[in-house]
Amino acid sequence: QKYGSQDLAIIAVNLDQDRKLADRFLAQAGVHFIIGFDPGGITPLAYEIKGMPSSVIINRDGTIFSQRVGFNQHRQKEHEASIEALVSAAHQPLLVEKRN
């Protein structure tokens with residue numbers, strides 16, 4: 001919600017085998033972002049995930065900007081700093097070198 005006006009999208013990938021259990025948990029958790037379901041575990045392989053939970057921040061051109069394993073209050077500050085850096089960089093004008 002804090003960065004939505006700056007075109008930040010959050011997409012979570014749930015790896016549970018039983019989608020009903022995942023849906024029940026997500027309804028109780030009050031999640032307000034897109035959830036993809038990957039019971040086959042293809043996504044963690046594609047991003048070389050080392051542990052769960054993991055966060056992968058991807059910039060507009062599809063390049064991984066940052067990747068972290070784990071989450072707690074201390075990590076929340078690190079995650080937010082990465083998001084702020086990425087959002088700020090996305091709104092900076094491109095530097096163009098003039099050559100004569």
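Q: Is Ile-58 to be read as buried, partly exposed or exposed, and why?
A: The class follows from relative accessible area, where under 20% means buried and over 50% means exposed. In this predicted model, Ile-58 counts as partly exposed because its relative accessibility is 36%. Ile-58 belongs to strand S3, which covers residues 54-58.

Q: Which residues form a nonpolar patch on the surface with Ile-58?
A: In soluble globular proteins, nonpolar side chains tend to be buried together. Here, Ile-58 forms a surface patch with Tyr-47 and Ile-64. Together, the three have about 230 Å² of accessible area.

Q: How is Ile-64 related to Ile-58 in the strand pairing?
A: Pairing of two strands requires at least two bridges between them. Strand S3 and strand S4 (residues 64-69) run antiparallel and are joined by five bridges. Within this pairing, Ile-64 in S4 is the bridge partner of Ile-58.

Q: What lies between S3 and S4?
A: The two strands form a hairpin, with five residues between them. In the turn, Gly-62 has a positive phi of about 90°.

Q: Which residues make up the largest nonpolar core?
A: A core of this kind is a set of buried nonpolar residues joined through side-chain atoms within 4.5 Å. The largest one has five residues: Tyr-3, Ile-57, Ile-83, Leu-86 and Val-87. Helix H3 supplies the largest share of this core, three residues. Val-87 touches Tyr-3 and also Gln-6, when residues up to four places away in sequence are not counted.

Q: Is His-79 buried or exposed, and why?
A: The cut-off for buried is under 20% relative accessible area. His-79 has a relative accessibility of 8%, and therefore counts as buried. His-79 is located in helix H3, residues 73-90.

Q: Which residues does His-79 touch, not counting those up to four places away in sequence?
A: Contact is judged by heavy atoms within 4.5 Å. On that basis, His-79 touches Ser-55, Ile-57, Arg-68, Gly-70 and Phe-71. One of these, Ile-57, is also a member of the largest nonpolar core.

Q: How far apart are Ala-12 and Phe-33 in sequence and in space?
A: Separation along the chain and separation in space are read as two values. Ala-12 and Phe-33 are 21 residues apart in sequence, and their C-alpha atoms are 7.5 Å apart. Ala-12 lies in strand S1, residues 11-14, and counts as partly exposed because its relative accessibility is 21%. Apart from neighbours within four places in sequence, Ala-12 is in contact with Phe-33, Ile-34, Ile-35 and Gly-36.

Definitions and conventions. Residues numbered from 1 in each chain as written. Predicted model: local features only at pLDDT ≥ 70, side-chain atom pairs only at ≥ 80, totals over all residues. Heavy atoms only, no water. Patch = residues over 30% accessible without salt bridge, like charges linked within 9 Å, V, L, I, M, F, W, Y side chains within 5 Å. Areas by Shrake-Rupley, 256 points an atom, 1.4 Å probe, with all protein chains shown as cover. Salt bridge = Lys/Arg side-chain N within 4 Å of Asp/Glu carboxyl O. Helix = DSSP H or I, 4+ residues; strand = E, 2+ residues; numbered from the N terminus. Buried < 20%, exposed > 50% of the residue type's maximum accessible area, 1.4 Å probe, protein only.
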